[in-house]
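Today I opened a new notebook page for a structure I had not looked at before. Here is what I looked up, in the order I went.

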Amino acid sequence: MLRQFLAQYLFNKDLLSSEQVLEILEQDKFQRVAPGVVALHKGLLSAEQIERIQKIQINQDKLFGEVAVSEGLLTEQQVGSILAAREDSNLSVAQAIISRGFMSLAELGKALEEYRDNNQLSIHESFSKSEFNKICCRDFEEVRELYVEYTELFLEALVKFLDIEGVIVASTEIESKEKWLITQRMNGEVDLGTGLLLIDEVVLKIAEQYSKEAIDGVDQFALDSVAEFLNVVNGLFVIALSNRNLDVDIQPQKFGKGVIPSGNKRVAINIETKVGLIQLLIASDGIQ
Amino acid sequence: MLEKALKILICDDSSLLRKKLTQELESRDCEVMEAKNGKEAVMMFLKEHPHGIFMDIVMPEVGGMEALKAIREIDKKAYVVMLSSAGSSAKLLESLKLGAVDFIQKPYTTEQIDKALTDLRKKVDSNA
């Protein structure tokens with residue numbers, strides 16, 4: 001999730017496009033990270049210092065860490081921590097940005113510095129680009145934290161269960177005419193309705209990813225597969241609430257095509273993915 | 001001596017789960033039957049007398065808890081394993097109180113199914 005936060009942050013700041021974010025998240029998961037990128041990410045070295053080390057490296061055929069220590073820029077202990085952190089998956093985002101030339105070392109350094117001060121805000125910030133800012137309702141602030149928490153869990157579940165990375169993009173008007181609406185309600189001490197608004201192709205892709213089966217068209221099995229994915233996400237959310245002593249029940253999922261989604265304090269969060277647009281709906285009661 | 005095949009009833013409203021779990025159980029030489037909701041599960045239990053049941057909790061019409069209660073009223077020794085995405089401690093306690101022998105959170109793992117089958121096999125063999 002950390003790598004997703006960083007990627008989302010860079011998108012929110014208009015430093016990367018949604019296409020670039022998805023390219024990085026989807027294709028560079030296991031990229032080996034250069035020690036300079038780790039040092040920049042950890043805030044141990046500036047872009048200028050890294051470029052200086054790299055120039056010396058080329059002339060003297062030495063390792064990055066050796067030069068950094070001999071130049072007095074890093075201690076041996078710091079070099080050790082850099083090498084140990086190279087396997088950290090969220091660093092692959094920074095490495096991919098440099099490798100693909102999306103940003104210069106100096107630009108990335110500046111962005112990372114700002115990100116370190118605001119690193120938990122990327123999902124909150126994304127919401128300001130979504131429908132949240134359109135709703136002028138004082139009560140809405142009461143559910144904001146819950147919606148953000150659910151959205152973070154949903155984005156994690158996309159990666160965990162479907163191997164799909166997502167980036168939250170600006171919201172659009174809800175057009176449900178040709179789309180499937182799959183919903184599920186959780187109620188009890190917390191009341192929450194969640195739903196997915198998807199075109200046929202995205203239903204199929206999600207169903208195939210979740211069921212690990214080839215599916216020809218949107219049939220009962222495909223819809224059941226998407227509904228089961230939503231059910232598992234909501235189950236995890238109910239467990240998280242239960243751990244805070246909040247007793248919540250989960251209701252059977254529903255689905256229909258061309259249904260206009262209802263719901264009190266309902267928001268639509270547009271998530272761009274490699275399989276197409278996923279519209280995640282959240283409301284403070286049932287949807288549909 | 002050849003082991004008697006375990007007869008298992010799967011009750012879940014999701015065709016995905018029924019298909020996947022059937023494949024898992026048949027690959028372990030179980031005889032599998034399916035029900036789409038709690039009502040069908042109770043009817044099938046009466047008719048087929050399965051050795052064990054994998055029962056979803058959240059289903060339309062008659063849910064898993066209701067069906068568990070009905071089945072345990074019919075047979076106090078019925079071997080029912082509950083399956084649910086919402087594995088909260090309250091749900092776990094409630095199902096155990098109603099007589100379920102185990103609670104598996106979705107998505108289930110092969111190891112959880114293996115353990116449930118091993119326990120069921122022991123129970124069937126001790127009653128033979």
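I took helices (H or I, at least four residues) and strands (E, at least two) as DSSP runs, numbered from the N terminus. I noted that this is a predicted model, where local features need pLDDT of at least 70, side-chain atom pairs count only at pLDDT 80 or more, and totals for chains, interfaces and linings use all residues. Residues are numbered from 1 along each chain as its sequence is written, and chains are lettered from A and ligands numbered from 1 in the order in which they are written.

**Entry: a loop residue**

I found A:Glu178 in the loop between strand E1 (166–169) and strand E2 (180–188) of chain A. Is A:Glu178 buried or exposed? A:Glu178 is exposed, because it has 9 other C-beta atoms within 10 Å (12 or fewer is exposed, 20 or more is buried, in between is partly exposed, with C-beta atoms placed from the backbone). I also checked A:Asn12: its C-alpha atom is separated by 29 Å from that of A:Glu178, 166 residues apart along the chain.

**Entry: where the chains touch**

I counted two residues as in contact if their C-beta atoms, placed from the backbone, lie within 7 Å. By that rule, 17 residues of chain B are in contact with 18 residues of chain A. Helix H12 (residues 220–242) gives the most to chain A's side, with 13 residues. I sorted that side into 7 nonpolar, 8 polar and 3 charged residues (Ala, Val, Leu, Ile, Met, Phe, Trp, Tyr, Cys and Pro are nonpolar; Asp, Glu, Lys and Arg are charged; the others, Gly among them, are polar).
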